[in-house]
Amino acid sequence: MDRKEILKDIREKFKEDIINVFDKSPKRVYIEIKPESIVKLASHIFKDLGARFNTASGMDARNHMEILYHFIFEDLNLLVSLRVKLPKLKLEIDSLVSLFEAANWIEREIHEMLGINFKGHPDLRRLLLSDDWPEGIHPLRCDYKEWDKNVIRDRGV
Amino acid sequence: MIYIFYFLVYGFLLTAVIGLLASWIDRKVTARVQYRVGPPILQPLIDITKLLGKETCIPRGASKTTFLMAPVVGLTSVILVSSLLWVNNINSNNSFLGDLIVVLYLLTIPSISIMIGGFASRNPLASLGASREMKLILSYELPFVLAVLVPVIKSNFSIRLGEILGFQAQNGVIVGNLSGFLALVVALLCMQAKLALVPFDIPEAETEITSGPLIEYSGSGLAIYRLMKNMLLFVLPFFLIILFMGGLRFDGLHLLSGVLKYVGLIALIMVIRNTNPRVRIDQAVRFFWGPMTTIAIIAVIFALLGK
Amino acid sequence: MSLKLKALLKSPWVFHLSTGSCNNCDIEILDCLTPRFDIERFGMILVGSIKHADVLLITGSCNRQSVIILKRLYEQVPKPCLVVAIGECSLSRGMFIHSYNCPVPLDKIIPVDVYIPGCPPKPEAIIAGVVKLIEKIKREKLKSKKR
């Protein structure tokens, strides 16, 4: 299937889940979807269309948080990103571990850095932060404040 | 009284000086082959002096006595072998019956002391290096003993070093015959493994990251091990010169030919060292128990036939 | 100068330790050992085990996990030993000075003897820094002798 057929297929099958499709360039497409339908869409792209899951990236915009899931179609040189916007009062989304094991560690990292809860994840403990980091403080949020009293933040000159 | 003189001066001082010089030649030639300048001439001596000035740390849980005694045992056996060989070389009437067997036994002790030092430090990497050293010892001892058998057979089945030297003074060096030449080749490669040089330095500089059995040694223990290895660089070629090439004589023109014999053996060792990659332990065992033993057995059969 | 210190300065054995760097400084250190800037003529060898080392070359900004390991390794080095900090990240954390994972600079954790700036420093700069270290040690010993 080539690029036009893939986009037409996704648009037709999931008409009520897609909010917006941004066709940026021949290699890059951003599809914004509702948070509840991420598992349906990801399973369709991964299993039926044969794409490869690359990674996921999370971001804290001021009023909401976003997660982008990147899928790559190798033969067509196309990167499709699924954008999900989460409101700050309800930071929850379904986990993709049931579909492919590659989502395990990236969801652990997004959870400990941004504080987003992944429902259904088998093992949501911390991955990169050290053991003496206190619980509940997420460093990559916009309103992160320094909690450690013993840090030195000047160059000493 | 004279024995203490032989022990200290010939066994320890002279061997140490020549051994350190040989180690410097080794490093300088390797550096030149790699198109760079090497260290200055006193570098091995400065290394050992510096190591004597650092503190010695003993890992917790290691057996203290074994850890500290292992390098001393190795150094003592090298000094003993060296004094035996010098005494025989100077005056070949000084040998006793069976001193060839004594030298062969004493020459296995330095490798065993490295192995024991590796097992006594409580470290999994050291045990791994020590177990590889053990397998290497098992593999090269067999062709080495078979190669040493050839001069024994040729000099009318005598196991005194003095009689082997006397036989060569009358009938020409043993390496001139076919069996002697084959036996010297086998003994040279076994010596490369005993000195733990490339291509057989599997136990020591194993991954080039951790130094095998010597990983927990620091300060004076490491200094004694390095001194032992540098002295072994003189003692082993000297042993082969006595067996195969008629020993070193110090009168007149024979001094020059003696120096040339020693430098020639060292040059061969360095050429093999600089042109070969390192082999795995199973390849080394297969190499020593396969082709090397076969060539040694052929050399023994030729010696028995009188060639 | 005592024999111990003279021998230490003429054959310093080097150990290379990275506490979370981007690996550029590590590549420049390994460049120093190549035949072009040959440092074996000064007697330096790159050793593998921390128990054989005299000089520690430290790169990288220390993050919280590697501080624990760094302290343990510094206790295992047989004294006397010298510490050299290479690259901007080990001097004062460089551009990571406000990062959440790098709380303190290197010289508040272990005592440092010479600093070599640069991102990454050229091999000539590393050699010049080590020469300055040797001169500094010689001058200190001379001063304490005169007193």
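# Briefing: chains A, B and C

Chain A is built from three helices and seven strands. This is a predicted model. Chain B, by contrast, has 10 helices and zero strands. In chain C, four strands form an open sheet with parallel pairing. Chain C is in contact with chain B and with chain A.

**Chain A: overall layout**

- From the N terminus, the elements of chain A follow the order α-β-β-α-β-β-β-β-α-β.
- Along the principal axes, the C-alpha atoms of chain A fill a box of roughly 60 × 40 × 30 Å.
- Of the 157 residues in chain A, 17% are buried.
- Take the contacts in chain A with a separation of 6 or more: 47% of them involve residues 24 or more positions apart.

- Strand 3 (residues 52-60) of chain A pairs with strand 4 of chain A through eight bridges, in the antiparallel sense.
- One of the bridge pairs is A:D60 with A:M65, the latter in strand 4 of chain A.
- Three residues link strand 3 to strand 4 of chain A in a hairpin.
- A:M65 has A:L86 of strand 5 of chain A opposite.
- Strands 4 and 5 of chain A make a hairpin with four residues between them. In that turn, A:N77 has a positive phi of about 60°.
- Side chains in a regular strand alternate between the two faces of the sheet.
- Strand 4 (residues 64-73) of chain A has one covered face and one uncovered face. The covered face holds A:M65, A:I67, A:Y69, A:F71 and A:F73. The uncovered face holds A:H64, A:E66, A:L68, A:H70 and A:I72.

**Chain B: an all-helix pattern**

- Along the sequence, chain B reads α-α-α-α-α-α-α-α-α-α.
- Chain B is as compact as a globular protein of its length, because its radius of gyration of 19 Å is close to the 19 Å that the globule rule gives for 307 residues.
- The box filled by the C-alpha atoms of chain B is roughly 60 × 45 × 45 Å, taken along the principal axes.
- Buried residues account for 44% of the 307 residues in chain B.
- Among contacts in chain B between residues at least 6 apart in sequence, 82% connect residues at least 24 apart.

**Nonpolar cores**

- The largest nonpolar core contains 80 residues. B:A147, B:V186 and B:V235 have the most contacts inside that core.
- Helix 8 (residues 220-244) of chain B supplies the largest share of this core, with 19 residues.
- A second, separate core has 27 residues, among them C:V14, C:C32, C:M44 and C:L56.
- Leaving out residues up to four places away in sequence, B:A147 touches B:A183, B:V186, B:A187, B:C190, B:A296 and B:A299.

**Chain C: the parallel sheet**

- The strand order in the open sheet of chain C is 1-2-3-4.
- Strand 1 (14-18) and strand 4 (114-116) of chain C are the edge strands, and each pairs on one side only.
- From one strand to the next, the twist averages 25°.
- Strands 1 and 2 of chain C run parallel and are joined by five bridges. One of the bridge pairs is C:S18 with C:T59 of strand 2.
- Strand 3 (residues 82-86) and strand 4 of chain C also run parallel, with three bridges between them. Here C:A85 has C:Y115 of strand 4 as its bridge partner.
- Strand 2 (residues 55-59) of chain C is mostly covered, with five of its five residues buried.
- Both faces of strand 2 of chain C are covered. C:V55, C:L57 and C:T59 are buried on one side, and C:L56 and C:I58 on the other.

**Contacts of chain C with its neighbors**

- The contact between chains C and B takes 17 residues from chain C and 26 residues from chain B.
- The chain C side of that contact divides into five nonpolar, five polar and seven charged residues.
- Toward chain A, 10 residues of chain C are in contact with nine residues of chain A.
- The chain C side touching chain A has five nonpolar, three polar and two charged residues.

Definitions and conventions: Residues are numbered from 1 along each chain as its sequence is written. Chains are lettered from A and ligands numbered from 1 in the order in which they are written. This is a predicted model: local features need pLDDT of at least 70, side-chain atom pairs count only at pLDDT 80 or more; totals for chains, interfaces and linings use all residues. Two residues are in contact if their C-beta atoms, placed from the backbone, lie within 7 Å. Ala, Val, Leu, Ile, Met, Phe, Trp, Tyr, Cys and Pro count as nonpolar, Asp, Glu, Lys and Arg as charged, and the others, Gly among them, as polar. A nonpolar core is a set of buried Ala, Val, Leu, Ile, Met, Phe, Trp, Tyr and Cys residues joined through C-beta atoms within 7 Å. A residue is buried if 20 or more other C-beta atoms lie within 10 Å of its own, exposed if 12 or fewer, and partly exposed in between; C-beta atoms are placed from the backbone. Helices (H or I, at least four residues) and strands (E, at least two) are DSSP runs, numbered from the N terminus. The radius of gyration is taken over C-alpha atoms; the globule rule is 2.2 Å times the number of residues to the power 0.38. Two strands pair if DSSP finds at least two bridges between them. Axes are lines fitted to C-alpha atoms, for helices over the stretch in contact, and angles run from 0 to 180 degrees between N-to-C directions.
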